[in-house]
Amino acid sequence: MNFKFTIQQYQSKAVESVAGVFDGQPEGTLEEFMVRGELFHSYANRRVLLRDEKLLENIRKIQADNNIYLSEKIVHDGLGACSLDVEMETGTGKTYVYIKTMFELNKRYGWSKFIIVVPSIAIREGVMKSFTNMSEHFMEQYGKKFQPFIYDSNKLEAVMNFSQDSGLQAMIINVQAFNARDKSSRRITQELDNFGSRQPLEVLKETRPIIILDEPQKMGGEATHEALKRFDPLFTLNYSATHKQHHNLVYDLDAVNAYEQKLVKKIQVIGFEAKNLHGTSGYMYLDKIERYPNKGPRARLEFEVRHKNGIKRETKLLKVRDDLFELSNQLAEYQGYIVNEIEPLQGFVTFSNGIAINVGDLVGDSSEQVVRRAQIRKTISLHFEKEKTLFHQGVKCLSLFFIDKVSHYRKYDSEGREINSEYGEIFEEEYNALLNEYTTGDSDYARYLRNIDVSKTHTGYFSIDKHGHKVDSSLKRNSDISDDISAYDLILKDKERLLSFENPVRFIFSHSALREG
């Protein structure tokens, strides 16, 4: 499948807010120059020819149009002619915006050398994927394509091409590649023979690159700032939802505005509350309340039922006056539990003994496994409900579980084969228990579900060790971000296939370290 991108007015306004800062800059092309006795033939962005007074005038005009506090001065911050802030809420397409801004700056002013600095491998891989996905979209608008590449200290010929090629060039680099102390990070400042005894950093500096900082608040403090100065940027653009350091703000789409414009959704939290932890009452879990047009509401309640071979937990649809004592085959702990009221709007059930239970409540068992099972069951149930609607719109529904340890979901047998662990087994049990409700009849959705094997509809996206086994992602010191690239490949590099109905995967288990992914 291929992604289709729609031009959004608010994104176009963000692009114009940056490009408009340089109104009055003469149209031009790259500056061509020779290096070291015509040894190298290179190109650089043309200098910003506007004086500070004109830049400030342009910035204040844009700020007034965008209802932003007017700047009193240009903020250079040692990073070029100016340092501009664009504030956009997560999920509103800031990557799309700054890539389009790059095209627009090239169209208006001829600037073609850009360096995108990111805080982690996850974001770096995502930006590279965005360039690929958006290539044809921007080709239709601008008739050009960027030549993006990821900086690799072992493949520095790409840096030389960045300097010598007159086309649209974008280098994507994570901050650790030039702001760390390991051997590979130091190569950018080493004099190399194949660079004419120059540093790669020196080659980049000569191009007067425009630097784009993606999530600058995650890139450290003064050390990173000083390292960025060495690139001698033409100017700097900062894109984030939560800026720590403030410069000249030219566009602001905060969380409230994004929600009011229906660009993002409000997060809804479904809680699970454990009550009566000493076991004085029988186990109950109220999953949900169902409403019907021609009869009263029904409560989907899980409780324990006595059988000849022991006591099992079962889920039943209850109506008013149903007696749990009788339905449980006379388990003593359910005496007095006759359904008195089922309230669908506020989501609770009361019993004749005065006890009430809300949707999502657990009564009588607070063990971690019971809570995890309830969470997994609730997620599957909500998935089916949403998927049933989205399926007829041609939209695939995905659900994601963040878990604490890979071993809770997958393990390996004595022969090294991958098999279900606790969460995997719980998922398949609960999925099969709920599946029958949605596979009755001959609808397209029912047929779709019947053709999916439960073992193939869930998978784990985790880091891979040298033996090919899935493992917990390792974290960088003093950080919650993983630098293990194997953890991101499937989600970030193969998302087109993941979003296709031909791929049976609909439920994803992921280690919590994959925050950026």
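1. Start with Phe 114: its bridge partner in S6 is Ala 170. Keep in mind that this is a predicted model. The two strands involved, S4 (residues 113-118) and S6 (residues 169-174), pair in the parallel sense over six bridges.

2. Next, look at what sits on these strands. Helix H5 (residues 157-164) packs on the sheet and touches S4, S5 and S6. Its direction makes about 145 degrees with that of S6.

3. Seven strands make up an open sheet with parallel pairing, and you can trace the order as S5-S6-S4-S7-S8-S3-S9. Strand S5 (147-150) and strand S9 (248-253) are the edge strands, each pairing on one side only. On average, neighbouring strands are turned by 20 degrees against each other, if you ignore direction.

4. Another helix to find is H2 (residues 52-65), which lies across strand S3 (83-88) and S9. H2 runs at about 20 degrees to S9.

5. Then there's a helix pair worth a look. The axes of H11 (residues 368-391) and H12 (residues 422-435) come within 9 Å and cross at roughly 45 degrees. That angle makes H11 oblique to H12. The crossing of H11 past H12 is right-handed.

6. Which residues in H11 and H12 meet? On the H11 side they include Arg 372, Ile 376, Ile 380 and Phe 384. On the H12 side, Tyr 423, Ile 426, Phe 427 and Leu 434 are among them. Sorted by class, this contact has nine nonpolar, two polar and seven charged residues.

Note on methods:
Residues are numbered from 1 along each chain as its sequence is written. This is a predicted model: local features need pLDDT of at least 70, side-chain atom pairs count only at pLDDT 80 or more; totals for chains, interfaces and linings use all residues. Side-chain values use heavy atoms; hydrogens and water are left out. Axes are lines fitted to C-alpha atoms, for helices over the stretch in contact, and angles run from 0 to 180 degrees between N-to-C directions. Helices (H or I, at least four residues) and strands (E, at least two) are DSSP runs, numbered from the N terminus. Angles under 35 degrees count as roughly parallel, over 145 as roughly antiparallel, 65 to 115 as roughly perpendicular and the rest as oblique. A crossing is left-handed if the near helix is turned anticlockwise from the far one by less than a right angle, and right-handed if clockwise. Contact means heavy atoms within 4.5 Å. Ala, Val, Leu, Ile, Met, Phe, Trp, Tyr, Cys and Pro count as nonpolar, Asp, Glu, Lys and Arg as charged, and the others, Gly among them, as polar. Two strands pair if DSSP finds at least two bridges between them.
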